[in-house]
Amino acid sequence: MNVVRINSRNVIFLLIALLSTSIQEVHMGYESLVSYAMKDANVNSTPAYSSKKEELANLCPSGTPCMELSSECLRCNLNYNCVYGAMYVANCSVLEHVDCIGEQNFQKKYMCRYCYQTDHWEHQCQQRNSCSSVASPQQYYRTNCSVNDDILCLGRRKFMKNLQCNWTVGYRWSTALILSITLGGFGADRFYLGHWQEGIGKLFSFGGLGVWTLIDVILISMRYLGPADGSLYI
């Protein structure tokens, strides 16, 4: 009986020792993980700050007159309680870490309106060709736009806008019409506009014995028949 009791006590002590060792290992692993995360955070904090400075330096090149800096480089106090369409004067100051020439505090005129209300020549939009310019009814697409650097406006300077699909890749209406009149019987007009299947059909049918050729001349002259990719004539 004494032998069994001693062995049980040893087993209990062994389990307690193993358990304490495991707890210590888990604690040490946790401490190493935390220290690694803090080290990684310290390492990444500097590049983020430096990348922001580099981005600011690209937007606001040094040696530029302060009055000619883009609005991204300025801090202006705009009046959001203004009367729409009225002209106002804003007090502007150059942002920190921007090196420019001249007075860093000045005034700039602006019109009371939000950035998405600016005219089309006052902002730039990303053009897309994923729609048909000759569709009926006219197609529109939604794209990203940003206000020009010299324009002051209320709200966000980048916004979404619906634009009319009116892209082109260089097809000329005059060229298509001349080909249709002169070589339309051989499908040259259809080949030029990218309608390859119809062009082959016109070629082997001699322009539908002249009927198809006449129809295409009328359709192209009325601009009803356009490029196969959905773009506009130039």
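1. Start with Cys-82 and Cys-112: in this predicted model they form a disulfide with the sulfur atoms 1.9 Å apart. The link is right-handed, with 75° about the S-S bond. It ties together distant parts of the chain, 30 residues apart: Cys-82 sits in the loop between β2 and β3 (87-94), Cys-112 in the loop between β5 (105-111) and β6. Cys-82 and Cys-112 are both buried.

2. The disulfide count comes to six. Another of them joins Cys-115 to Cys-153, S to S 2.0 Å, and is right-handed at 90°. Here the loop between β5 and β6 is linked to the loop between β7 and β8, across 38 residues. Both cysteines, Cys-115 and Cys-153, are buried.

3. Then there's Cys-60 with Cys-73, at 1.8 Å S to S. Its S-S torsion is about -100°, so this disulfide is left-handed. Cys-60 lies in the loop between α1 (2-59) and β1 (64-65), and Cys-73, 13 residues away, in the loop between β1 and β2 (74-76). Cys-60 and Cys-73 are buried too.

4. On to the sheet: three strands, open, in the order β6-β7-β8, with antiparallel pairing. β6 (123-125) and β8 are the edge strands, each pairing on one side only. Ignoring direction, neighbouring strands are turned by 40° against each other on average. Three bridges join β6 to β7, and Gln-124 has Ser-146 in β7 as its bridge partner.

5. Have a look at Asn-148 as well, in the loop between β7 (140-147) and β8 (158-164). Its relative accessibility is 17%, so Asn-148 counts as buried. The Asn-148 side chain reaches the backbone oxygen of Trp-121 at 3.1 Å. Residues touched by Asn-148 include Glu-122, His-123, Gln-124 and Arg-157.

Note on methods
Residues numbered from 1 in each chain as written. Predicted model: local features only at pLDDT ≥ 70, side-chain atom pairs only at ≥ 80, totals over all residues. Heavy atoms only, no water. Helix = DSSP H or I, 4+ residues; strand = E, 2+ residues; numbered from the N terminus. Buried < 20%, exposed > 50% of the residue type's maximum accessible area, 1.4 Å probe, protein only. Polar contact = N/O pair within 3.5 Å; in protein donor to acceptor, adjacent residues only side chain to side chain. Contact = heavy atoms within 4.5 Å. Pairing = 2+ DSSP bridges. Axes fitted to C-alpha atoms, helices over the stretch in contact; angles between N-to-C directions. Disulfide = S-S within 2.5 Å. Lists of a residue's contacts leave out its neighbours within four places in sequence.
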